[in-house]
Amino acid sequence: MLIETHAHLDYPDFTPDFDDVLRRATDAGVNRIITIGTSVESSRRAVELAEKFPNVFAVIGVHPTYVEESGEDVITPLRELAANPRVVAIGETGLDYHSLPSLELAKEQKTTQVFAKALQTSTEDLLEAEIHDGAYKSKQASLFEQQLDLAVELGLNVVIHQRDAWNDTLEIMRPYTGKLRGVFHCFGGSLEQANEVIDLDHLVSFTGIVTFKNGASVREVAAQVPLWKFMVETDCPYLAPVPFRGKRCEPAHTRLVAESIASARRILLDEVAEATTETEAKFFRFER
């Protein structure tokens, strides 16, 4: 048995053949699927799916890149949704600095700066963008902390999204040590970073990247972290593993992720399945 711990089943990518997607997952030995909310509306859809299908469970939260679009109060609707016993964690929440205003501006101006006057204008624009960076980061941090507080209040763990914001993410989470646990989903960092997470009693989770030709470093980390300290996921519809790379990913591909990790660790698939399923069952509150 395997558990797909990070899917986005509410995305329109799965509308045409949803029942077949679930059937293929079951056929692959993936008996539970956790669908993840990225906004209040997405979280509502996740709960609706979890209520309709017995092998689907929901995680509810607001993704950091949706901070500008979210309302002033996302906690009230999330708290209401969390009352549903099909909700097993809070997330995905965290920090994402990949597309800061200053970075986007720099990309745009890299191809447009020709004259000194244009350079002067771009410098002024860049300073303004950096001010916006600070405001954007502050909003993300506030949204992150609110969801961590909600998780503590409800006795739930959290699914963490972190991109280009490693130090700030850990800094925000440190005061919550012992109050909740987090899983750093789609982990792509170093073994040192993985151990930093594990030392704080959190977990990491691996996607189809472990099957990629250029995913050797992530595969090596997956081979070395303690067997009981990681999860498997797909982040579908993204990051389809080999041999489906470039196509739509789906929960059945969790098996390919687990097989790749088993191969890298030189152990049987059953060992990975048993360990990750036990870890995941303890982390997510399936019984409430």
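Me: Helices (H or I, at least four residues) and strands (E, at least two) are DSSP runs, numbered from the N terminus. How many helices and strands make up the secondary structure of the protein?

Reply: This is a predicted model: local features need pLDDT of at least 70, side-chain atom pairs count only at pLDDT 80 or more, and totals for chains, interfaces and linings use all residues. Residues are numbered from 1 along each chain as its sequence is written, and side-chain values use heavy atoms, with hydrogens and water left out. The secondary structure comes to 10 helices and eight strands.

Me: What percentage of the residues of the protein count as buried?

Reply: Buried means under 20% relative accessible area, exposed over 50%, and partly exposed in between (1.4 Å probe, protein chains only). The protein has 288 residues, and the share that counts as buried is 53%.

Me: Leaving aside neighbours within four places in sequence, which residues is Phe206 in contact with?

Reply: Contact means heavy atoms within 4.5 Å. With neighbours within four places in sequence left aside, the contacts of Phe206 include Glu233, Val257 and Ile261.

Me: Is Glu250 buried or exposed?

Reply: Its partner in the salt bridge, Arg24, is partly exposed at 28% relative accessibility. Glu250 has a relative accessible area of 7%, so it counts as buried.

Me: Which residues are linked in a network of salt bridges?

Reply: The structure holds 15 salt bridges. Glu250 and Arg24 form one of them. The network links Asp17, Arg24, Arg248 and Glu250.

Me: By what are Glu259 and Arg255 separated in helix α9?

Reply: Their side chains meet in a salt bridge, 3.2 Å from N to O. Glu259 is partly exposed at 32% relative accessibility, and Arg255 is partly exposed at 33%. Glu259 and Arg255 are four residues apart in helix α9, so the separation is about one helical turn.

Me: Which strand gives the largest share of the lining of the largest pocket?

Reply: On a 1 Å grid over the protein atoms alone, a pocket is an open set of points where a 1.4 Å probe fits, with protein on both sides within 12 Å along at least five of seven lines; lining residues have an atom within 4 Å of a point. The lining holds 26 residues, and Asp96, His161, Gln162, Arg163 and Cys186 lie nearest the centre. β4 (87–96) and β5 (158–163) are the elements that give two or more residues. The largest share, three residues, comes from β5.

Technical notes. A salt bridge is a side-chain nitrogen of Lys or Arg within 4 Å of a carboxyl oxygen of Asp or Glu.
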